[in-house]
Amino acid sequence: MKQTKINIKITSRQIAVSQQVQAKVRADLEAQGMSLSGEEDNTDDTFELSSEGVLYIDDGRVTVEYNESELTGMAGAKTKVSFTRDNPALVTMMREGTVETVMVFEQGRQHICSYLTAYMPFELCVRTYRVVNELLESGFLYLDYTVEVRGARLERNKFTMEIAPRDTELD
């Protein structure tokens, strides 16, 4: 197994959806005795995270591993982003720790996943619009996707990861 220490820069833009869609989701959840946190907002939210991590290449599987921070709301979680050399357009993101999930990103497809939080587990549908995976060529990964609960689009995410060897600065 080849292992390289890397610097990672992640930019994530979360695009909130309309109040009308949020109201439908809220009503559906309330009918089941659940509720949204009340912190939902109808504005875009962008954050950047710089971290150290490790790039593993083992028997055709490529994995980038890093620890989440408080900025992402997932402090204490470890994230692994992986794919095979044969199919770099099929990307898996696994989180373990304070939140646990496995999300699958495949352009033009949707995948169902479960998301386990300290409060409750729930099922998500991840619908991927675009995957640009050039991690091994140029150190760049881009994912454009929505996360849905019970068929209602909750938010659209545009996730960018840039990696470089640890002795290289990322702007």
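Which residues of the largest nonpolar core touch the most other members? Before you start, note that this is a predicted model, in which local features need pLDDT of at least 70 and side-chain atom pairs count only at pLDDT 80 or more, while totals for chains, interfaces and linings use all residues. Residues are numbered from 1 along each chain as its sequence is written, and side-chain values use heavy atoms, with hydrogens and water left out.

**Exercise 1. Find the centre of the core.**

Step 1. Start with the terms. Buried means under 20% relative accessible area, exposed means over 50%, and partly exposed is in between (1.4 Å probe, protein chains only). A nonpolar core is a set of buried Ala, Val, Leu, Ile, Met, Phe, Trp, Tyr and Cys residues joined through side-chain atoms within 4.5 Å.

Step 2. Now the solution to the opening question: among the 32 residues of the largest core, Val64, Tyr66, Phe105, Leu143, Phe159 and Met161 touch the most other members. Strand S9 (residues 140-149) supplies the largest share of this core, with 5 residues.

Step 3. For background, nonpolar side chains tend to be buried together in soluble globular proteins.

Step 4. Zoom in on phenylalanine 105. Contact means heavy atoms within 4.5 Å. Not counting residues up to four places away in sequence, phenylalanine 105 touches Ala89, Leu90, Val91, Met93, Val126, Thr128, Val131, Leu143 and Tyr145.

**Exercise 2. Describe the chain as a whole.**

Step 1. Helices (H or I, at least four residues) and strands (E, at least two) are DSSP runs, numbered from the N terminus. The chain has 1 helix and 10 strands, in the order β-α-β-β-β-β-β-β-β-β-β from the N terminus on.

Step 2. Of its 171 residues, 42% count as buried. The chain exposes about 9700 Å², and carbon and sulfur atoms supply 45% of that area (Shrake-Rupley method with a 1.4 Å probe; for residues, only the protein chains shown count as cover).

Step 3. Take the contacts between residues at least 6 apart in sequence: 42% of them join residues at least 24 apart.

**Exercise 3. Is glutamine 110 buried, partly exposed or exposed?**

Step 1. Locate glutamine 110 in strand S7 (residues 110-116). With a relative accessible area of 39%, glutamine 110 is partly exposed.

Step 2. Leaving aside neighbours within four places in sequence, glutamine 110 is in contact with Cys125, Val126 and Arg127.

Step 3. A polar contact is a pair of N or O atoms within 3.5 Å; within protein, one must be able to donate a hydrogen and the other to accept it, and residues adjacent in sequence count only if both atoms are side-chain atoms. The side chains of glutamine 110 and arginine 127 make such a contact at 2.6 Å.

**Exercise 4. How many disulfides does a search of the whole structure find?**

Step 1. A disulfide is a pair of cysteine sulfur atoms within 2.5 Å. The search finds 0 disulfides.

Step 2. Check cysteine 113: its nearest cysteine sulfur, that of cysteine 125, is 8.3 Å away.

Step 3. Compare accessibility. Cysteine 113 is buried at 6% relative accessible area, and cysteine 125 counts as buried at 10%.
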